[in-house]
Amino acid sequence: MQWAEIAKRIDGRNESSVKNRWYNVRTSKKKAEQKKKKKSKKRQLEEAPEAEHEEELLDTRKPPALSPVKKKGEVSNVSDV
């Protein structure tokens, strides 16, 4: 773009101020779109059925230990005596 040509058409604005305004508006719009997308994604997760969330939680859990850890002097079975 020719910032100088645009600045000539707007009274009281120089080339730098026109360019800065353009980029600030563009950045603000992008941030607003990203915020909107993030908010809608969060809403989708909140509205999702509970069963889907439970499956996700189960997938991230560690498998249970095969045998419990015994403390010193603790008896867990009759065969340990």
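This is a predicted model: local features need pLDDT of at least 70, side-chain atom pairs count only at pLDDT 80 or more; totals for chains, interfaces and linings use all residues.
Tyrosine 23 is partly exposed, with a relative accessible area of 37%.

**The chain as a whole**

The protein chain contains 3 helices and 0 strands. Following the sequence, the pattern reads α-α-α. Of its 81 residues, 5% count as buried. The chain exposes about 8500 Å², and 51% of that area is supplied by carbon and sulfur atoms.

**The aromatic pairs**

How many aromatic pairs does the count come to? The count comes to 2 aromatic pairs. In one of them, the ring centres of tryptophan 3 and tryptophan 22 lie 6.4 Å apart with the planes at 50°, so this pair is tilted. Tryptophan 3 lies in helix H1, which covers residues 3-9, and tryptophan 22 lies in helix H2, which covers residues 15-47; the pair therefore ties together parts that are 19 residues apart in sequence.

Tryptophan 3 also pairs with tyrosine 23: their ring centres are 6.0 Å apart and their planes stand at 55°, so this pair is tilted. Here tryptophan 3 lies in helix H1 and tyrosine 23 in helix H2, so the pair ties together parts that are 20 residues apart in sequence.

Trp3, Trp22 and Tyr23 form one aromatic cluster.

**Exposure within the cluster**

Is tryptophan 3 buried or exposed? Tryptophan 3 is buried, because its relative accessible area of 12% falls under the 20% limit for that class. Tryptophan 22 is partly exposed, and tyrosine 23 is partly exposed. The table lists the values.

| Residue | Relative accessible area | Class |
|---|---|---|
| Tryptophan 3 | 12% | buried |
| Tryptophan 22 | 41% | partly exposed |
| Tyrosine 23 | 37% | partly exposed |

Notes. Residues are numbered from 1 along each chain as its sequence is written. Side-chain values use heavy atoms; hydrogens and water are left out. Helices (H or I, at least four residues) and strands (E, at least two) are DSSP runs, numbered from the N terminus. Buried means under 20% relative accessible area, exposed over 50%, partly exposed in between (1.4 Å probe, protein chains only). Accessible areas come from the Shrake-Rupley method with a 1.4 Å probe; for residues, only the protein chains shown count as cover. Rings of Phe, Tyr and Trp (its six-membered ring) pair if their centres lie within 6.5 Å; planes under 30 degrees apart count as stacked, over 60 as edge-to-face and the rest as tilted.
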